[in-house]
Every structure is written in C-alpha cells, then in structure tokens.
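Student: I'd like a close look at one part of this model, and then a walk through whatever else is worth a glance.

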Amino acid sequence: MNKIAFLFPGQGTQYEGMLDDLPQTTLTSSLLERAQNRLGHDPLLLDDKEHINTSVGTQLSLFIKGVVLEAHLEEEKIYPHVVAGHSIGSFAAAVAAKVLSFEDGLHIVKKRAELMDNVGGKDYGMGVIVGVNKEKLVHIVASVHSETTPVYIANENAEDQYTVSGKRIGIEVVLEKARKQGASKAKFLNMTVPSHCPLMNDVGKTLFGELEKCTISDPAVPFIGNKRARPLQTGSAVKEDLAFNVSHPVLWHNCSTIMKELGVKLFVEMAPGHVLVDLIKRKYPEGHFFPLSSFSLDDVLFLVKKYKSK
Amino acid sequence: MMKNRSWTTKRDEKRKKLESVQHLVKGKIIDTKNMKEALECLISSGDRVVLEGDNQKQASFLSEALNSVDPKKIHDLHMIMSSISRPDHLTLFEKGIGSKIDFSYAGPQSLRVAQMIEDGVLKMGEIHTYLELYGRLFVDLIPKVALVAAEKADEKGNLYTGSNTEETPTIIEAAAFKDGIVIVQVNEIVEELPRVDIPSDWVDFVVQSPEPYQLEALFTRDPSGITELQILMGMMAIRGIYEKHNVQSLNHGIGFNTSAIELLLPTYGESLGLKGKIAKHWTLNPHPTLIPAIESGWVESIHSFGGEVGMERYTAARPDVFFTGKDGKMRSNRALCQVAGQYAVDMFVGSTLQMDYYGNSSTVTSGRLSGFGGAPNMGHNPHGRRHSTPAWLDMITTNSSMERGKKLVVQMFETYGQGNSPVFVESLDAIKVRDEAGLATTPVMIYGDDVTHVVTEEGVAYLYKAEGLEERRQALSAIAGVTKLGREQSPKEMRKLRDKGLVALPEDLKVKRTEAKRSLLAAKNVRELVQWSDGLYDPPEKFKNW
C-alpha cells in the first residue's frame, strides 16, 4: 500500500478571502464556531483586506484552513501516514497528528504571531534566493553577517532555493552577492519579520512556556519536524519543534527527502497554494501530488483512494 | 590442551533452535502466518543477521516479518545488508530490533542513515564494496541467520532463483556451512523446479511470501533521455579510449553517458570499422540499451550481477551471449560478476557527482551517507592481476623491467552536474561526511591514482600518462570547461598538454561536434529497443509511453 503524507503550507501562500472558499459543510461550520468561541471574534474577519497580511491574520487563516481541510479528508477516512508543515503549517500538522487540540492551536498560533510582530520592524525582513547551492550561500552569508548587519539562512527549501532573514541592510548585500554568483532570483520578500533565525530566540522560549500549559499527546503518525527534519514520534519532541521552529531554519529540503525515504508516494497539500508539492515533485517522478488548491476535495478523495492501493 | 571443551557449540545451538520451531513448521516449510513467531524462536538478541537486499532484489516479506517481532524478545541485532533500500530496513533500528549495521550501499535511504547515526539510533559498522562485504561474511561477519529471497522452492527446499540469482548463493553459503540458519522467502512453492540454483541441503526453511519479492528496474535507461552532449562524449570515448587502447572487455555503469555509448556502437562504431575489434566481452546487467549492439553482432558474451525487469524473454532467447541454465533462463551471480568486473575486464566506465582537482571522486554529498555498492570494486586497478591484454599493456608508460599494465578506469561526466553545481570541486563533500559521521576514512568512491581517463564534454584527459599530481591537475583543468578549475588553464599550457598526449579535444580525435546528433543513436526510445529485440523485450509499464 502506498503511504500518504499530508502537507501544510507556510506563509506566502495567503490571500484575501482565503477562508471564504472552505467547503460548505456542517463540519466547516462547527470548526469555525469552535474558532469563534476560542478567539472571541468571527474567524472570517481574519482574512479580510485589513487583516490578511498582518502576522495574526496570515498565521491564523493558514492554521484554520489547514485544520478544516484536513478534517474533511479524515471524515472520508483518508488518514495520513506522516504529516509535515512548513513553519506555521506545522501547527495544523500537529493538530492533524493529534498532538494539539484545535483550540490550543488557535491560542498558540495567535500568540506566536503577536510575539513575532514585536521583533520585526521596518529595518528587518527576509529575502529569497534561487539558483545558488548551500555551500555558496553559507559563504556569502558568513561574509556579510555581523552584529550590526545580522543576516542568517532561514529556510532551506530545495538544494538551490533558500530564504535569508535579518536586517535589511545585511540582506541587501547578500542578495547582491548572490546575484553576482549566478542566482537566478534574489529579492526581498514582502515581510518585516525576520523569521527562522536567532533574532527570534525569545519568541521561541515564550512559546515553549505557552505550550507547556497545553495538553500535548504523542503524534498518531510521525510528524516531520522543521528544525532537524526528523520523523518525530513523541509529543515532547513535537512540542519542542513547534516552539523553536521560529528561531531555527526550516530544513524543508531534508523534510521532503525524509518523506521519500520513509516510502511516501502520495502527497496531499492543504490549500492555499501548491508550493510544497512543487518543491518535492521536481526530484520525485514516482510520486503522486494532490494540492487541494488545484483539485477539488472530491477529486482528491477519489484519486487518493485510487493510488493508495497501487 | 582443552580436553573438556565442546567443538560443536554452534551446531548444538542450531539444533536446539530448529527443534524449538517444530510446532510451527511442516518439514522445511514455515506457514506464512507463523513467520513472526518462528523468527522469535530462531533469532536471539545480538545475533548477526544478513537480510538480503541488493539494489534490485529485496527479501521484502522477511524484512517486514523481522520488523514485526517483539523488540523485548529480540533486540540489538547486528544487521548486515549489502543495500539499505527499503524504509523498513531502518525502522528495525528505530524499534531497537537492530542496533548495528554493516553495509555497502544506502543511496535510497542515505539521509535517514546519516540522521540515525547522528542520533545514536544506529551504530555504524563499516561501509564496504559488495565484494568486501561478501568476503567478510566468511571471515569476521559470519551470519547466525540469513534471510534471503528466491523465486521458487520445492517441498524439499531446493531453490530456483532464475535470472535474479544475485547474491543469494553467497549469503546462504556463508550461513549454511557455519551452522547458521537459512530462511528463504519464495514467490511460489512448486512440485518441480525449472532448475536447481541452490540445493536444499543449504536451506533450513522456506516460507511462501504473500507477495512476490520487490524487484526494481534499475538498469533501464530510456534512450529518449540521452542528450547530444552525452552523444558527443560517447563518440570521444569510443575513439579516444575504446579504439585507441583496443578495449576488448568492459563494465559499464548505469548512467545515460554509458547507455549513449551502447547505442552508438552499432552506428558510429560500425562506421569506424570497429565491429568485432572492440567491446566484445561484458560484465554488466542486461541493459536494454545493449540490445541493438547485441543484435548487430558486436557482443560475444555478457555475465551479469543480476537480471533486469523485462529482459527475461530476451536473455533466454540469446544463450550464446548470456549465461543461461538448462531450463533456458538466465543465471546471474553478483559475487562472481563483481570478481569478473574487478579482475577480468580491461575497463570500467562510470560517473560521479564530485571529483577533486587530483581525480579523487565521490557520490556522497553533505549530510547523506550512501556508500558505493560495486563501483569501487570495478573502479580500481587490482594489483593482483597477472594476465595481460592489449589494453592493460597499453597503460604501461615506462621501460622498467618490473613494469606492469593497468586496468582502465574511466570517469565520464559533464562539467556541470546536478543543480548546476560544478562536478570539479576543490574539496570533496565526502571529507565533511567523514567528520559528520565519524568514519575512519573519507568515503571516496574512486581514488585519483586509480583513474586512468576522464571524459567531459570538453575532451579526454589521459591521467595515466600524467607524471605527478601537478600534471594530473593540469590535465583535468584542460577538460574542466568554465568551472573554477577550468579557468586555471592557459592556451599555451593546453597546447603543451595536447602535444604530450595528456589531453585530447574532439578535433584531436577526429570527432565532429556537429555530428553528435540524436539521430546517431541506434534506438531513440524504448519502443525502438523493443523493435530491435524482435518483440522479446517487455519494458515495465513506466517506460511505455506509446
């Protein structure tokens, strides 16, 4: 039987009104109601023009969408053999793996977004670099990084796709050098929060404290951690990864590789977008990829059932 | 004198173990549903267990069965696997059923292996070439239990392994004659076997697997993926190496570079009048891309490590070329073919992901622990060789009365490889991997002093002629294109190297770049391979695009 992974995307895929196209079912209504009770306001306000690009709006919208879509797959008895999320996506993945309740997840994600906002500011940001290998980038970043121009490798998305995080003046030089060394793309992301680097150390610590107050269970299926790309099997390991992924690089390239090595053949990516399956697909012609942004829920249910037994 | 010591402790222990499963077996047959319980009786914690899995054929049912045993009863096994290829091979260690591993190749699981070593879940023995690992099965890694796969068995326990004999007889021999226990999964138990590949005396138990053993078509390269750059390199190799040194016998790797050469022999090779003069004897698996060369009468013999999915009817119909049994089907043998590839052939041609400036090469990359399987075996000059052939003698560069020939070890690659990274690097990732994984030595696939030739899209470097490391570096620089190493080269030096015969460019070899077209391939896709085979080749579904 073919193994299935459920993937949960991270920031960058959000869009205005992204919670409006959730399946119109009683399951969606009941989850939104639970979100309203926990948050104290209508969750559908999170994705409007005013809020969607705030940290809270983005992160909670992605979290809610991921949880709602995953619940619909489960309702049809489609279960994952492994789950993985990119950065904020990890929290919905943790709910899918039964580590964390939906309610606790809402609270933690909101907290995470608020804490992250306190770190950033107009001097900070992130950049994306495509077309240089890690060795080169490590070298470039090391040559630029200093106390006054802090810059770090943030995400390792593929062998030749990275993001960097830190102060904009440092990032600017890194982008320039990367371009000179053959990067096909090197530009700022539309963000003022330097995620996934040591500037977030305190956020991680506070979040860990918050997670200590939640009920944490062992994952029902292996949860691929962002920090070390390990298939995690205990609640405490997942908790640690959820808290501190914010201050460490996301090793997504290794996360994809590990899922392949674990024998996963089917990848279902929760909406929005299809960034994560695209990253895996390039190197995995034998895989089958079903992003819920491109396929209807019914199609995915049909296709997963079809390919599962093959 | 140790008068009271028993000399039959191993035999006694085996007898006891066999007795302990009598309620679970009928003669030699273990009922499929009793497999877990039988393993729990037959294996003890700490035992050395060989689990069969090379890179193609896997004892998949036994691997799953071993994963199902109770880790409280059986733990800390010392596993020996030539290839770690299945996810459950490593789950064994996560569960604590196994704790130590000795292996040859872990390509498909190389990140997990590296992670588990780092996390202390897996204790690393050594990385071996296939032959070394087989060798140690008879020395200091003698197995207590062998878990292997065959195609068919009869009630007595005779085995039929057919074209995928692979390493099964070698593993079984090491266990069976040293009071180890041999357990075989088979696809089918039949009354009469087509032929006996392994006699029942060597086998303790047979279990019918609910599903056929896992088999991958690893040696099939679709000609439609061959590029014109690879064709150019193939033409240079044929002229500048095969023809120049009169290569009679050889092994090819599994890359597109070498499949291009296989498909150029009946066209380009033929036009040079080389048929019957070169590349007659082969040690390799039945590569489908060899079909046109075989059909055109180029190939006299092929001995194989294993079979190839889809080539069964074809190999059976060409017994003059392939090794076959009295039943008509092919017989392979991984250990013997590795020996042949090491000692008996003129040349090995392979590829690599990285090569340093002195010709040392490795396919391990940072954070991954993969090993090399058979490549280092065939990709080196065996100093024990005493017979001579024209190509071997052609490597002699001095007049010393003690001079001897050399095996041709050829590396072929494009200067820029995967992810647009240069293949020529100042320092191999393998050195980092050595430190990360705490290995005793750097995992080098082929050492620079064993490499006689390097072929890139720029030309051929004749490293065997290089006097000293500096000249070796210069010769590599001359064919390193626009990589950092290549930019070291000045036109003056290049001229000197070409005059000395250390480097040949296409024009030196009378190879026209403009002729390197896909139309030169004897078959341009899988369908044409089927046509060449007279319909005898049955490609796996994933290669059928018509």
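Student: How many bridges join strand β16 of chain B to strand β19 of chain B, and do the two run parallel or antiparallel?

Tutor: First, some ground rules. This is a predicted model, where local features need pLDDT of at least 70, side-chain atom pairs count only at pLDDT 80 or more, and totals for chains, interfaces and linings use all residues. Residues are numbered from 1 along each chain as its sequence is written, while chains are lettered from A and ligands numbered from 1 in the order in which they are written.

Now to your strands. Four bridges join β16 (residues 347–350) of chain B to β19 (residues 408–412) of chain B, and the two run parallel. Helices (H or I, at least four residues) and strands (E, at least two) are DSSP runs, numbered from the N terminus. Two strands pair if DSSP finds at least two bridges between them. In general, strands of a sheet pair through backbone hydrogen bonds, either parallel or antiparallel.

Zoom out and you'll find an open sheet of eight strands in chain B, in the order β15-β14-β13-β16-β19-β20-β21-β22, with mixed pairing.

Two helix pairs in chain A are worth a look. The axes of α4 (residues 102–119) and α7 (residues 201–212) of chain A come within 10 Å and cross at roughly 160°. Axes are lines fitted to C-alpha atoms, for helices over the stretch in contact, and angles run from 0 to 180 degrees between N-to-C directions. That makes α4(A) roughly antiparallel to α7(A) (angles under 35 degrees count as roughly parallel, over 145 as roughly antiparallel, 65 to 115 as roughly perpendicular and the rest as oblique). The contact draws on I108(A), K111(A), R112(A), L115(A), M116(A) and V119(A) of α4(A), with V203(A), T206(A), L207(A), E210(A) and L211(A) from α7(A). By class, the contact of α4(A) with α7(A) has seven nonpolar, one polar and three charged residues.

For the other pair, helix α3 (residues 89–96) and helix α8 (residues 235–244) of chain A have axes that come within 10 Å and cross at roughly 160°. So α3(A) and α8(A) are roughly antiparallel to each other. S90(A), F91(A) and A94(A) of α3(A) meet V238(A), D241(A) and L242(A) of α8(A), giving four nonpolar, one polar and one charged residue in the contact of α3(A) with α8(A).

Finally, a couple of backbone details. The peptide bond from A271(A) to P272(A) is cis, with omega near 0°, and P272(A) is in the loop between β9 (264–269) and α10 (275–281) of chain A. K77(A), a residue other than glycine, has a positive phi, near 65°, and lies in the loop between α2 (55–75) and β2 (82–85) of chain A.

Terms used
Two residues are in contact if their C-beta atoms, placed from the backbone, lie within 7 Å. Ala, Val, Leu, Ile, Met, Phe, Trp, Tyr, Cys and Pro count as nonpolar, Asp, Glu, Lys and Arg as charged, and the others, Gly among them, as polar.
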